[in-house]
Amino acid sequence: MMTGAIKRQRPRALRVILALVAGVMFAGFFALGTWQIFRLQWKLALIERVDQRVHAAPVAAPSMAQWPQLNAEADEYRRVQLSGVLLDGSTTQVLASLDRGIGYWVLTPLCTADGGIVMINRGFVPAGIGGWKPQAVPAMAAADACRKAQGATVPFSGLLRLNELAGRLRQNEPARNYWYTRDLQAIAQARGLPAVAPYFVDADAPSAQAAGPVAGEQPMGGLTVISFVNNHLVYAITWYALALMVAAATVWVIRDARKQTT
């Protein structure tokens with residue numbers, strides 16, 4: 001009698017443990033699916049917001065007083081306009097890979113009327129037959145470079161972009177003038193530029209064309225890559241499917257165990 005009772009208790013204990021483990025797995029998969037639904041809603045709102053901004057009329061670019069309040073949710077990809085004097089001697093070329101091939105983004109500091117400096121991405125230039133190679137390091141700018149700047153005031157319009165931090169795989173090498181990301185503060189430090197805005201402006205095609213060539217090459221403006229990967233619905237369906245599979249497998253195992261004990 002004792003042996004039979006112990007045998008009945010073991011399957012019952014195993015069923016309880018199985019149910020607990022399956023419950024934890026089901027809850028985890030279901031939570032992950034729900035989180036992906038929230039991510040999907042956030043991503044769709046982001047895509048709609050950016051689409052509205054890139055097609056809106058341009059507004060004045062943020063002044064120095066507004067720099068501390070800038071953030072991605074409220075400001076990135078806004079269409080802005082500004083004008084100033086270009087510091088062509090401090091132009092920086094940043095490696096770019098587009099469907100047009102390998103080349104550079106051409107960033108030139110623009111001295112604005114309020115004393116600040118905004119980096120202007122004047123567009124893309126292909127690397128050419130020789131491929132990508134580091135450029136000569138420009139001379140350090142004086143602290144009062146904007147006060148000494150000479151030249152006509154140049155207008156620009158385009159999309160506001162926030163600072164790009166250095167990548168994990170490839171670090172910028174300022175001393176060798178290797179730039180993989182548009183890290184504005186690092187570029188400003190390497191060029192000796194004070195009071196650089198925490199954003200840059202991707203110039204549109206007309207602005208880039210009107211500003212003229214850089215070192216004999218005409219950058220192609222208006223090539224901002226606006227692409228947001230949106231696989232959240234697929235991920236949500238996957239997690240929910242796994243949760244249902246766990247539930248179905250648990251029910252089947254428990255029913256089969258009960259049949260064997262009867």
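The largest cavity in this predicted model has a volume of about 40 Å³. A cavity here is a set of points, on a 1 Å grid over the protein atoms alone, where a 1.4 Å probe fits but cannot get out. Grid points are joined across faces, edges and corners, and a volume is the space filled by probe spheres set on the points. By this rule there is one cavity of 30 Å³ or more. Its lining, meaning residues with an atom within 4 Å of a point, consists of W105, N121, G123, D202, A203, M220, G221, G222, L223 and T224. The elements that contribute two or more residues to this lining are β5 and β7; helices (H or I, at least four residues) and strands (E, at least two) are DSSP runs, numbered from the N terminus. By class, the cavity lining has four nonpolar, five polar and one charged residues. In this scheme Ala, Val, Leu, Ile, Met, Phe, Trp, Tyr, Cys and Pro count as nonpolar, Asp, Glu, Lys and Arg as charged, and the others, Gly among them, as polar.

Residues are numbered from 1 along each chain as its sequence is written. Because the model is predicted, local features need pLDDT of at least 70 and side-chain atom pairs count only at pLDDT 80 or more, while totals for chains, interfaces and linings use all residues, and side-chain values use heavy atoms, with hydrogens and water left out.

W105 also belongs to the largest nonpolar core, which has 21 residues; W105, L107, M119 and L193 have the most contacts inside it. A nonpolar core is a set of buried Ala, Val, Leu, Ile, Met, Phe, Trp, Tyr and Cys residues joined through side-chain atoms within 4.5 Å. Two or more residues of this core come from each of β3 (92–98), β4 (101–111), β5 (117–126), α4 (184–191) and β7 (196–203). Helix α4 supplies the largest share, four residues. L193 touches L87, S90, P109, I117, M119, A141 and A188, leaving aside residues up to four places away in sequence; contact means heavy atoms within 4.5 Å. A second, separate core of 18 residues includes L70, L86, V118 and L162.

Next come the pockets. A pocket is an open set of grid points with protein on both sides within 12 Å along at least five of seven lines. Of its 16 lining residues, D88, T91, Q93, V214 and A215 lie nearest its centre. The second largest pocket has a volume of about 190 Å³. It is lined by 13 residues, and L95, A96, S97, R170 and Y180 are the closest to its centre. β3 gives the most to this second lining, with five residues.

T91, from the largest pocket, sits in the loop between β2 (79–86) and β3. Is T91 buried or exposed? T91 is buried, because its relative accessible area is 13%, and buried means under 20%, exposed over 50%, partly exposed in between (1.4 Å probe, protein chains only). The side chain of T91 reaches the backbone oxygen of D88 at 3.0 Å. The side chains of T91 and T108 are joined by a polar contact of 2.9 Å, that is, a pair of N or O atoms within 3.5 Å; within protein, one must be able to donate a hydrogen and the other to accept it, and residues adjacent in sequence count only if both atoms are side-chain atoms.

Q185, in helix α4, is partly exposed, at 42% relative accessibility. Q185 touches N163, V196, A197 and P198, not counting residues up to four places away in sequence.
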